[in-house]
Amino acid sequence: MSRNSIDNRKKMVALRHTHFQQHLPINQQLIDLVGDIDSHAFLRNPASQNIFLYLTEYVRAILEYWFGASLDKIRVLDWGCGKGHISFLMREMGIEITSCDVRGADDSAFGQITPIIEKASLKVVTLEHPYLLPFSDASFDVVLSFGVLEHVPNDLASLAEIHRVLKPSGLLLCFFLPYYLSWTQHLAHLRGDFYHDRLYSKKMVKHLLKQTNFELLDLWHRQLLPKNRVSYAKYHIFESVDQWLTKNTPLKYTATNIEFVAVKS
């Protein structure tokens, strides 16, 4: 491993630790956009919305560090944009975001009510194929996967296609990847909820990335305790405790997600 690679990995970890701990104000505009729609209630819950705020702020910091360019010069693909909240938050930062989603899935931008997409006038590119993307080779600097990779029918083929549309040294950032030892995932399965029927281990992630010519820069556990349906009065403190536990104790091996940053090699 080169010195440059080691330095990049150390910087990635440092950025994650810094930005995951930020106390960011709730985005009231996002709450106003979703209104009282039940399927978007998690965005009205401060503890839950806070997750997306610090994750997108972390993405912004990674882009500034990695590319050293103005944010409006960096092309980002929100792969499987769903409700559109990630595209909305990234666009608010001045990032050139392209939103896309597959036709036919219940939780895609084309299978549900999408007030954020409609009210914020987000354009969503339709994906007609299970994994092929309608973009030219080396079209994007960054691809974001916020809870998407685990739902595609062929994760290996999808990663290979993401590799194709990324520019040299482009980044793949993957969040909310369900972990195979997660207590919340297994509890959901016991209840008959198989929304996440495919769970991942670190070994699986590393194998998939190696097969598709990605170099892993950072990988971590996140979210031990549920937040989407639970409201906490002091949610910032609660989030800090959750992150401390997933960083410093063996409880991290029962956390909900593993997440990673990888670079096209």
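Helices (H or I, at least four residues) and strands (E, at least two) are DSSP runs, numbered here from the N terminus. The structure is a predicted model, in which local features need pLDDT of at least 70 and side-chain atom pairs count only at pLDDT 80 or more, while totals for chains, interfaces and linings use all residues. Residues are numbered from 1 along each chain as its sequence is written, and side-chain values use heavy atoms, with hydrogens and water left out.

A pocket is an open set of points, on a 1 Å grid over the protein atoms alone, where a 1.4 Å probe fits and protein lies on both sides within 12 Å along at least five of seven lines; lining residues have an atom within 4 Å of a point.

The largest pocket is lined by 49 residues, of which E150, H151, Y195, H196 and N228 are the closest to its centre. At least two lining residues come from each of α3 (46-67), β1 (75-79), α4 (85-92), β2 (96-102) and α7 (183-190), and α7 gives the most, with five.

Sixteen residues line the second largest pocket, with R16, H17, Q243, T246 and K247 nearest its centre. Its lining draws two or more residues from α1 (3-20), β6 (214-222) and α9 (235-248), and α9 supplies the largest share, six residues.
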